[in-house]
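Please view the sequence and the model together while reading.

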Amino acid sequence: MSAQASGHGTMNIKLIVWRQAGPDKPGNFETYEAKGITPHHSFLEMLDVVNEDLIKQGKDPITFDHDCREGICGTCSAVVNGVPHGGQKRTTLCQLHMRKFKDGDSIYLEPWRARAFPIIRDLMVDRGALDRLIQAAGWISCHTGGVPDGNSTPIAKRDADYAMDAAECIGCGACVAACPNGAAMLFGGAKVAQYAALPQGQVEAPERVAAMIQAMAENGFGNCSNHYECQAACPKGIDVKFITRLNREFYKALVLDKVGATPPKKS
Amino acid sequence: MRLFSTSIGRKGVMAVTGLLMVLFVVGHLLGNLTVFKGPDGINAYAEGLHKLVPVVWGTRIVMGSALILHVYMSIQITLENWAANPKKYAVSRSLRATFSSKNMIWTGAAIGAFVIYHLAHFTFRVTPSDLMLGTDTMGRPDVYQMVVDSLSGAVIGGVYLVAMVALCLHLWHGIQSLFQTLGLSNAKLLPEYGLWGKVLSGIFLVGFGAIPAVILAGILK
């Protein structure tokens, strides 16, 4: 359906985009005009339109991360006018639509900025640090093999709900991008809390939180100042109560003298 | 020690020392308010307090240690946080962070400088002013007259007022933050800590601030 047929006019948007040719290259802002954008365009579709235009002009298109474009994979990532994912509550950038903008608006587009997330190119950053946190502390030991009987491990509904709320994290890294300290406490807290709430997570619980804290420091993340920007920016609305849980689990591990202990090896 | 080498451990130290100092400030405020009863109030309070030598020295040692730990950890953690976020956004917009939460290190520095000045001023009386601690008609140290004489100057009174604004801003964020850091929070409690933290900060501002304000206004003479 054309913009005219849908009863909406098109709009022109001024984009001020961070362009950086490579990890160690200097970057700068470039200004582009996004023309003929309809309110139905998603933010990433708008970028597609701009990129088509750039390609036709023989210029390098803007590099940005995207995958499912359904708001569930956690790949899209850009800071729009100072807010990761653009600031619409519980919305990833791919689910943000241009109807939230007006004709003639200027939009600043920047990559996630944190020491732990080096820029690869333009708006694309390396979020491998989050994977390394998972490798360090985002797993449980369990037997593989046949499917266990349903309900063989009873889990209270409130615990299951709590763990599911934590597991909603899609690992996009908006929490780190929003944090004035470049900390990953909401991400790490969600993982630790998710497993701490479930019987399957009990075995390595103290070692897990200790390993998580250590991995965060080793991967260049900062400390938490309880600004709660992370929760506000999180497209899945992960609550900072999981950071409290992380803290609580840490003190438990400290008392059990597990901080600094090596977690049991995966075999 | 693990407590001093980990992110959350050090924040825990800051939270506990912060809590101790908040409790001290509560006690300090209650003591100060005796100034409104006139010389009989605060002079009697000061004399009584200083008879409790172990309490006075115990408090000084605990508060001094708490302050040193709190300051040391805050500088270390803040420098780490700045290093972890080296490049700022060209456009930045805060969703939940406040002026208070973003300026903890600076309001803290202001309070630290004030504490040094305040001790030099009233405790050691080494500041360049003709501050005299005489005795009142009952032979007690005349704290009342010393405070009134000193704070009736616009500059010194003003310094005390500004310091109380810094204290209020610091605790506006700090009180709820310490409960979150100590893991004593949850989704329901956090807003309550926030509310009561702000109420207490406001009480500190009004309670402490009233003393120089009332003296500057010439109501206490």
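Two strands pair if DSSP finds at least two bridges between them. Helices (H or I, at least four residues) and strands (E, at least two) are DSSP runs, numbered from the N terminus. The model is a predicted one, in which local features need pLDDT of at least 70 and side-chain atom pairs count only at pLDDT 80 or more, while totals for chains, interfaces and linings use all residues. Residues are numbered from 1 along each chain as its sequence is written, and chains are lettered from A and ligands numbered from 1 in the order in which they are written.

**Chain A: overview**

- Chain A contains eight helices and seven strands, and its C-alpha atoms fill a box of roughly 60 × 40 × 35 Å along the principal axes.
- Of its 267 residues, 48% count as buried; a residue is buried if 20 or more other C-beta atoms lie within 10 Å of its own, exposed if 12 or fewer, and partly exposed in between, with C-beta atoms placed from the backbone.
- Two residues are in contact if their C-beta atoms, placed from the backbone, lie within 7 Å. Among the contacts in chain A with a separation of 6 or more, 72% are between residues 24 or more positions apart.

**Chain A: the five-stranded sheet**

- Five strands of chain A form an open sheet in the order S2-S1-S5-S3-S4, with mixed pairing.
- S2 and strand S4 (83-84) of chain A stand at the edges and have a single partner strand each, so one side of each is left without a neighbour in the sheet.
- Strand S1 (residues 11-20) and strand S2 (residues 27-37) of chain A run antiparallel and are joined by nine bridges. These two strands, S1(A) and S2(A), form a hairpin with six residues between them.
- Within this pairing, Arg19(A) has Asn28(A) in S2(A) as its bridge partner.
- Strand S3 (residues 79-80) and strand S5 (residues 106-110) of chain A also pair in the antiparallel sense, over two bridges. Here Val80(A) has Leu109(A) in S5(A) as its bridge partner.

**Chain A: domains**

- The domain assignment of chain A gives domain 1 (11-121) and domain 2 (128-141 + 148-255); such bounds come from an automatic or database domain assignment.
- The centres of domain 1 and domain 2 of chain A, taken over C-alpha atoms, are separated by 29 Å.
- Each domain of chain A gives 18 residues to the contact between domain 1 and domain 2.
- On the side of domain 1 of chain A that touches domain 2, nine residues are nonpolar, six polar and three charged. Ala, Val, Leu, Ile, Met, Phe, Trp, Tyr, Cys and Pro count as nonpolar, Asp, Glu, Lys and Arg as charged, and the others, Gly among them, as polar.

**Chain A: Glu168**

- Glu168(A) lies in the loop between helix H3 (157-167) and helix H4 (174-178) of chain A.
- Glu168(A) counts as partly exposed because it has 17 C-beta neighbours inside 10 Å.
- Leaving aside neighbours within four places in sequence, Glu168(A) is in contact with Lys236(A) and Ile238(A).

- Chain B has nine helices and zero strands, and buried residues make up 33% of its 221 residues.
- H4(B) has 32 residues and reaches 46 Å from its first C-alpha to its last, close to the 46 Å expected at 1.5 Å a residue; the expected span is 1.5 Å times one less than the number of residues.
- The buried residues of H4(B), including Ala66(B), His70(B) and Met73(B), pack against H2 and H6 of chain B.
- In helix H6 (residues 104-123) of chain B, the buried residues are Met104(B), Thr107(B), Gly108(B), Ile111(B) and His121(B). They lie on the same side of H6(B) because they cover an arc of only 145° around the axis, the arc being that of the directions from the helix axis to the C-beta atoms.
- The buried residues of H6(B) pack against H4, H5 and H8 of chain B.
- Arg125(B), which follows H6(B), has a positive phi, near 50°.

**The interface between the chains**

- In the interface, 36 residues of chain B are in contact with 39 residues of chain A.
- Helices H1 (2-5), H2 (7-32), H4 (53-84), H5 (99-102) and H8 (154-181) of chain B each supply at least two residues of the side that touches chain A.
- That side of chain B divides into 14 nonpolar, 15 polar and seven charged residues.
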